[in-house]
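Subject: Structure handover

Hi,

Here is the structure I promised to pass on. My notes on what turned up in it follow below.

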Amino acid sequence: MFIYQRRILTTLTEDEFRAGYRKAQLIDVREQKEYEGGHILGARNIPLSQLKMRMKEVRSDQPIYIYCQNTLRSGRAANMLKRKGYNQLYQLKGGFKQWGGKIRTKN
């Protein structure tokens, strides 16, 4: 599973992630409550549990930057997206809990 994941998904360091996510679709695949507790500025929340139904919201012509709390769900999300023909898939190394950049919380 892990080796397959590496072939379909590129894991980026925080610096690499930060350098590219503004030119991409930034998707937080955590559940809504986690997202509201704090998320990367500019991220859209499409929880893994809803991804299949909301796939139309994701464009296939732009890179997709995915993150979750620690990378488990972002890997699963990438598998789903890959099966639907999405190719430019990136995840944040270590997930949101490793993020040191700006975050937004929902008040």
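**Aromatic rings**

Tyr-90 is partly exposed, at a relative accessible area of 21%; here buried means under 20% relative accessible area, exposed over 50% and partly exposed in between, with a 1.4 Å probe and protein chains only. Before going further, some ground rules: this is a predicted model, in which local features need pLDDT of at least 70 and side-chain atom pairs count only at pLDDT 80 or more, while totals for chains, interfaces and linings use all residues. Residues are numbered from 1 along each chain as its sequence is written, and side-chain values use heavy atoms, with hydrogens and water left out.

How many aromatic pairs does the structure hold? There are six, where a pair means that ring centres of Phe, Tyr or Trp (its six-membered ring) lie within 6.5 Å, with planes under 30 degrees apart called stacked, over 60 edge-to-face and the rest tilted. Phe-17 and Trp-99 form an edge-to-face pair, because their planes stand at 75 degrees, with the ring centres 6.1 Å apart. That pair links distant parts of the chain, 82 residues apart: Phe-17 is in helix H2 (residues 14–20), and Trp-99 is in the loop between strand E6 (89–92) and strand E7 (103–104). Helices (H or I, at least four residues) and strands (E, at least two) are DSSP runs, numbered from the N terminus. Phe-17 is buried at 0% relative accessibility, and Trp-99 counts as buried at 10%.

Then there is Tyr-65 with Tyr-90: the ring centres are 5.0 Å apart and the planes are at 35 degrees, so this pair is tilted. Tyr-65 lies in strand E5 (residues 64–67) and Tyr-90 in strand E6, so the pair ties together parts 25 residues apart in sequence. Tyr-65 is buried, with a relative accessible area of 8%. Ring pairs link Phe-17, Tyr-21, Tyr-65, Tyr-90 and Trp-99 into a cluster.

Two arginines sit over rings as well. The cut-off for that is NZ of Lys or CZ of Arg within 6 Å of the ring centre and within 35 degrees of the ring normal. Arg-18 lies over the face of Trp-99, 4.9 Å from the ring centre, and the charged end of Arg-30 is over the ring of Phe-96, at 4.3 Å from its centre.

**Around Tyr-67**

Tyr-67 is also in strand E5, and at 0% relative accessibility it counts as buried.

**Salt bridges**

Five salt bridges came out of a search of the whole structure, each a side-chain nitrogen of Lys or Arg within 4 Å of a carboxyl oxygen of Asp or Glu.

- Arg-30 and Asp-28 meet at 2.7 Å, N to O. Arg-30 is buried, with a relative accessible area of 2%, and Asp-28 is buried at 0%.
- Glu-34 and Arg-73 meet at 2.8 Å, N to O. This pair links distant parts of the chain, with Glu-34 in helix H3 (residues 32–36) and Arg-73 in helix H5, 39 residues apart. Glu-34 is partly exposed, with a relative accessible area of 26%.
- Arg-54 and Glu-57 meet at 2.8 Å, N to O. Arg-54 is partly exposed at 22%, and Glu-57 is partly exposed at 36%.

H5 has 12 residues (72–83) and should span 16 Å at 1.5 Å a residue; its end C-alpha atoms are 17 Å apart, which agrees. The expected span is 1.5 Å times one less than the number of residues. Buried residues in H5 include Arg-73, Ser-74, Ala-77 and Leu-81. Just after H5, Gly-85 takes a positive phi of about 95 degrees.

Thr-10 is in strand E1 (residues 10–12) and is partly exposed, at 38% relative accessibility. Not counting residues up to four places away in sequence, Thr-10 touches Leu-89, Tyr-90 and Gln-91.

Cheers

Conventions. Contact = heavy atoms within 4.5 Å.
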